[in-house]
Amino acid sequence: MEKKPLNLKPSNKGKVEESSSRVFKPWKILVVDDEPEVHSVTKLILENVVFKNRKIELVNAYSGEEAGEILSTQVGFAVILLDVVMETENAGLEFVEFVRNEMNNKAVRIILRTGQPGQAPEKSVIVDYDINDYKAKSELTSEKLFTTVIAALRAYESIRSLEKTRIGLERILASTDQLFDVESLNNFAFGVLTQIGAFLGSSPDGILCLEEGAESKTFKLPNAACVDLHILAGSGAYASCLNCTGGDQCPHKEMIAMARRAIDEKKNIFENGYAVLYLDTKQDRASVALMHGVEHLEKEDLFLLDIFSKKISLALANTIHFNKMVTAEEAATIDFLTGLPNRRQLINLGETVLATCKRNDLPTAVAMVDVDFFKRVNDTYGHDAGDAVLKALGTFLGARVRESDIAARFGGEEFCLVASNISTEQAEVFFNKICQEVRDLEIVFNEKKIEISVSIGVSTKLKDLDEMISDADK
């Protein structure tokens with residue numbers, strides 16, 4: 001059947017929308033038709049169109065088979081202008097089935113253009129095939145083609161926006177579970193950077209930092225950097241920020257300036273390739289998560305990032321609160337010098353161990369360890385040296401006891417060990433060996449070797465903890 005000639009004439013009316021100085025990647029339109037004239041006229045009508053600051057890029061295919069190959073190797077097509085009759089009478093409709101079912105591409109808008117509408121009745125085609133418009137070539141003037149394409153681009157943009165929002169929300173929900181499961185503040189910070197980078201599809205260059213504040217007097221964060229900021233995590237080009245001492249030597253002044261600006265203005269900033277999320281934790285220290293190398297963000301990206309930043313802020317607030325509680329608990333139960341349980345914690349843990357031993361009729365030993373002539377160490381080498389000795393001894397005793405045992409600093413130069421399920425004979429061998437090993441310790445302070453010895457008193461008669469400590473001390 002002879003095809004009717006095209007009734008398409010180029011027009012300059014209404015083609016180009018007002019655009020800004022910035023032009024983004026073009027809309028991709030696949031033109032599928034076996035008539036070269038159709039491609040030429042389509043190009044003439046659409047080549048100068050700019051829609052939402054984006055030009056139009058036409059990709060040409062002259063058969064359904066060729067179109068399938070293109071769609072299998074290229075992505076990002078917004079619209080397909082498709083002839084029905086090409087190498088076969090139903091080549092176009094078969095291509096529609098390929099796009100929707102085999103490629104599972106539901107977003108691209110398909111506009112059928114046919115010169116023989118009788119070959120494929122309009123009503124049956126619209127009902128039976130997932131197409132978005134059906135036009136006879138004879139009715140497609142340049143104005144109608146322009147209108148049809150712009151309408152299709154709007155629809156495609158809306159569909160992609162909804163799809164991006166759905167995927168983004170799924171990522172936020174998935175990441176929220178992981179973020180709220182993190183207890184370590186530094187691990188949390190690295191997790192945040194990982195999640196934001198994945199969400200944005202950006203490079204890994206990022207930091208998460210907290211502003212210095214009065215709170216740090218009781219809750220000191222590690223890795224102070226850039227004078228008034230604490231860098232909790234750095235990735236990519238900013239990984240070195242964890243060890244940065246700040247000041248004039250900082251190689252990332254622009255990044256730090258962006259972080260400080262977000263803190264000062266208390267808002268998210270997206271410009272010059274930066275995405276800076278202001279994290280409001282409702283505390284006296286502001287915080288930001290910053291990523292660099294971020295491409296242009298669409299409106300839905302900004303909306304989702306606003307939601308994401310609120311979720312991160314809540315998780316960060318919880319993590320900081322948890323670390324505060326852990327820090328306060330450690331301050332109450334851990335000896336700050338040696339890192340061992342203090343006397344208070346010794347009583348709590350020791351009584352539990354002894355109660356278990358009494359119930360199960362297990363032999364137990366409680367030992368008091370005293371550094372011999374400790375005053376001489378302080379007088380000879382200074383109190384800092386004395387602290388170094390106590391720290392070294394605490395480290396040794398903590399590593400020497402079993403996991404079921406307790407090693408604690410009792411006070412001054414005294415330590416206490418609680419060993420469960422150990423007979424009197426075993427205890428004598430064990431603690432004598434500790435005495436010998438302490439004499440062999442190499443403790444160096446200011447390039448001077450300090451030798452120490454300890455005396456150990458042991459109680460193996462199962463009583464209350466206070467009584468056993470008293471007996472060992474005697």
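Two strands pair if DSSP finds at least two bridges between them. Helices (H or I, at least four residues) and strands (E, at least two) are themselves DSSP runs, numbered from the N terminus. By these rules, strand S7 (residues 206–211) is joined to S12 by five bridges, and the two run antiparallel. One detail of this pairing is that Cys209 has Val288 in S12 as its bridge partner.

The model is a predicted one, in which local features need pLDDT of at least 70 and side-chain atom pairs count only at pLDDT 80 or more, while totals for chains, interfaces and linings use all residues. Residues are numbered from 1 along each chain as its sequence is written, and side-chain values use heavy atoms, with hydrogens and water left out.

Consider the chain as a whole before its parts. The protein chain has 13 helices and 18 strands. Of its 474 residues, 47% count as buried, where buried means under 20% relative accessible area, exposed means over 50%, and partly exposed lies in between (1.4 Å probe, protein chains only). The accessible surface of the chain comes to about 24600 Å², and carbon and sulfur atoms account for 50% of it; such areas come from the Shrake-Rupley method with a 1.4 Å probe, and for residues only the protein chains shown count as cover. A contact means heavy atoms within 4.5 Å. Among contacts between residues at least 6 apart in sequence, 68% join residues at least 24 apart.

Now return to strand S12. Strand S12 covers residues 287–292, and five of its six residues are buried. Besides its pairing with S7, S12 is joined by six bridges to strand S11 (residues 274–279), again in the antiparallel sense. Within this pairing, Val276 has Leu290 as its bridge partner, and Leu277 has Ala289.

Strand S11 is largely enclosed by the rest of the structure, because six of its six residues are buried. In a regular strand the side chains alternate between the two faces of the sheet. In S11, Tyr274, Val276 and Tyr278 point one way, whereas Ala275, Leu277 and Leu279 point the other way. S11 also pairs with strand S10 (residues 269–271), antiparallel, over three bridges. Phe270 has Ala275 in S11 as its bridge partner. S10 and S11 form a hairpin with two residues between the strands, and Asn272 in this hairpin takes a positive phi near 55°.

Four strands form an open sheet in the order S14-S15-S13-S18, with antiparallel pairing. Its edge strands are S14 (406–411) and S18 (454–459), each of which pairs on one side only. Neighbouring strands of this sheet are turned by 25° against each other on average, direction ignored. For such values, axes are lines fitted to C-alpha atoms, for helices over the stretch in contact, and angles run from 0 to 180 degrees between N-to-C directions. Six bridges join S13 to S18, and Val371 stands opposite Val454 in S18. Helix H11 (residues 383–400) packs on the sheet and touches S13, S14, strand S15 (414–420) and S18; the direction of H11 makes about 0° with that of S15.

Phe373 is found in the loop between strand S13 (364–371) and helix H10 (374–381). Phe373 counts as exposed because its relative accessibility is 57%. The C-alpha atoms of Phe373 and Val454 are separated by 8.9 Å, although the two residues are 81 apart along the chain.

Helices also pack on each other. Helix H9 (residues 343–359) and helix H13 (residues 465–473) pack at an angle of about 105°, with their axes 10 Å apart. H9 and H13 are therefore roughly perpendicular; angles of 65 to 115 degrees count as such, those under 35 as roughly parallel, those over 145 as roughly antiparallel and the rest as oblique. Leu346, Ile347, Gly350, Glu351 and Leu354 in H9 meet Leu465, Asp466, Met468 and Ile469 in H13. The residues of this contact divide into six nonpolar, one polar and two charged. Here Ala, Val, Leu, Ile, Met, Phe, Trp, Tyr, Cys and Pro count as nonpolar, Asp, Glu, Lys and Arg as charged, and the others, Gly among them, as polar.

Thr42 counts as buried because its relative accessibility is 0%. Not counting residues up to four places away in sequence, Thr42 touches Val31, Leu58, Leu81 and Arg113.
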